[in-house]
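Here are my notes on the structure, as numbered points. Please read them with the model open beside you.

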Amino acid sequence: MAGLGRILVAVLLGFWALPASAQDMRSATDALKRGQWELARQILAPLAEGENADAQYALGTLYANGDGVAPNMARAEQLWRQAAQKGHPRAREQLAFLRATNAAPATTAAAANPVGGLEQWRVQIATVPSPESAQREFRRLARQYGEILAGTDLVAPLFTLPDGGQVVRVQAGPVSEERARDICAKLRDLNAGCRVIRPEG
């Protein structure tokens with residue numbers, strides 16, 4: 001009986017050990033969908049250090065968006081590169097996009113995308129689960145930061161998560177590059193997340 005007990009313990013330990021990474025990724029994805037950025041970061045960080053490509057991609061995205069952390073594109077690129085080296089397709093797409101946007105002069109992109117004399121730069125200010133919640137969140141932020149976001153409209157592109165699910169990025173624009181950078185600087189001074197989005201982003 002004692003031997004059977006040891007076998008059962010070993011089997012149970014093995015059962016929980018094998019799917020732990022997958023369970024943690026599900027927990028992180030759930031946290032991302034709810035906008036619980038700090039919880040997601042706490043779950044993703046050790047997974048990323050453990051060479052989990054999905055976690056590296058997701059954590060990189062947090063740093064790129066400034067969701068719950070100070071925006072850090074260098075750290076985001078590092079994490080995406082680690083994930084891409086393991087064959088992560090979305091990480092490769094993000095790196096390709098970064099190469100394209102960094103190679104193209106801002107004046108060229110701006111000239112190609114005029115809107116009523118304004119360039120199509122935007123600022124990303126949140127990530128939410130659905131288009132409906134994007135509208136609510138934009139209205140809330142517009143009330144909270146009325147002077148800073150004055151004259152901007154909601155732009156709500158979809159973003160695909162590591163598990164294939166989708167969330168919506170809450171962006172404000174279109175504005176000039178100078179205005180976009182000014183908005184983000186002011187929001188960050190208030191400890192609010194903000195990321196400048198280029199016209200082709």
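1. In this predicted model, K86 and E51 form a salt bridge, and their closest N and O atoms are 2.8 Å apart. The two residues come from distant parts of the chain, 35 residues apart: K86 sits in the loop between α5 and α6, while E51 sits in the loop between α3 and α4.

2. K86 has a relative accessible area of 38%, so K86 is partly exposed. E51 is at 46% relative accessibility and therefore counts as partly exposed too. The backbone at E51 also deserves a look: E51 follows α3 and has a positive phi, near 70 degrees.

3. G87 is in the loop between α5 (73-85) and α6 (89-103). Its relative accessibility is 33%, which means that G87 counts as partly exposed.

4. E77 belongs to helix α5 and, because its relative accessibility is 29%, counts as partly exposed. E77 and A91 are 14 residues apart along the chain, and 8.9 Å separates their C-alpha atoms.

5. Next, helix α3. The buried residues of α3 are W37, A40, I43, L44, A45, L47 and A48.

6. E38 pairs with R41, with 2.7 Å between the closest N and O atoms. Both residues are in helix α3, three residues apart, or about one turn of the helix. An α-helix has 3.6 residues a turn, so residues three or four places apart point the same way. E38 is partly exposed because its relative accessible area is 36%, and R41, at 24% relative accessibility, counts as partly exposed as well.

7. R181 and E177 form a salt bridge in which the closest N and O atoms are 3.0 Å apart. The two residues are four residues apart in helix α10 (residues 177-189), so about one helical turn separates them. R181 counts as partly exposed because its relative accessibility is 42%; E177 counts as partly exposed because its value is 25%. How many salt bridges does a search of the whole structure find? The search finds six.

8. The model has one disulfide. C184 is joined to C194, and the S to S distance is 2.0 Å. The link is left-handed, with -70 degrees about the S-S bond. This pair links distant parts of the chain, 10 residues apart, with C184 in helix α10 and C194 in the loop between α10 and β7 (195-197). Both C184 and C194 are buried.

9. A search of the whole structure finds one cavity of 30 Å³ or more. The largest cavity holds about 100 Å³ of space. Its lining is made of 13 residues, and the closest to the centre are L32, T61, N65, F159 and L161. Two elements give two or more residues to this lining, α4 (53-65) and β6 (166-175).

10. Which element gives the largest share of the lining of the largest cavity? That element is α4, which gives four residues. By residue type, the lining of the largest cavity divides into eight nonpolar, three polar and two charged residues.

Terms used
Residues numbered from 1 in each chain as written. Predicted model: local features only at pLDDT ≥ 70, side-chain atom pairs only at ≥ 80, totals over all residues. Heavy atoms only, no water. 1 Å grid on protein atoms, 1.4 Å probe; cavity = no way out; pocket = protein on both sides within 12 Å on 5 of 7 lines; lining within 4 Å. Points joined across faces, edges and corners; volume = space filled by probe spheres on them. Nonpolar A, V, L, I, M, F, W, Y, C, P; charged D, E, K, R; others polar. Buried < 20%, exposed > 50% of the residue type's maximum accessible area, 1.4 Å probe, protein only. Salt bridge = Lys/Arg side-chain N within 4 Å of Asp/Glu carboxyl O. Disulfide = S-S within 2.5 Å.
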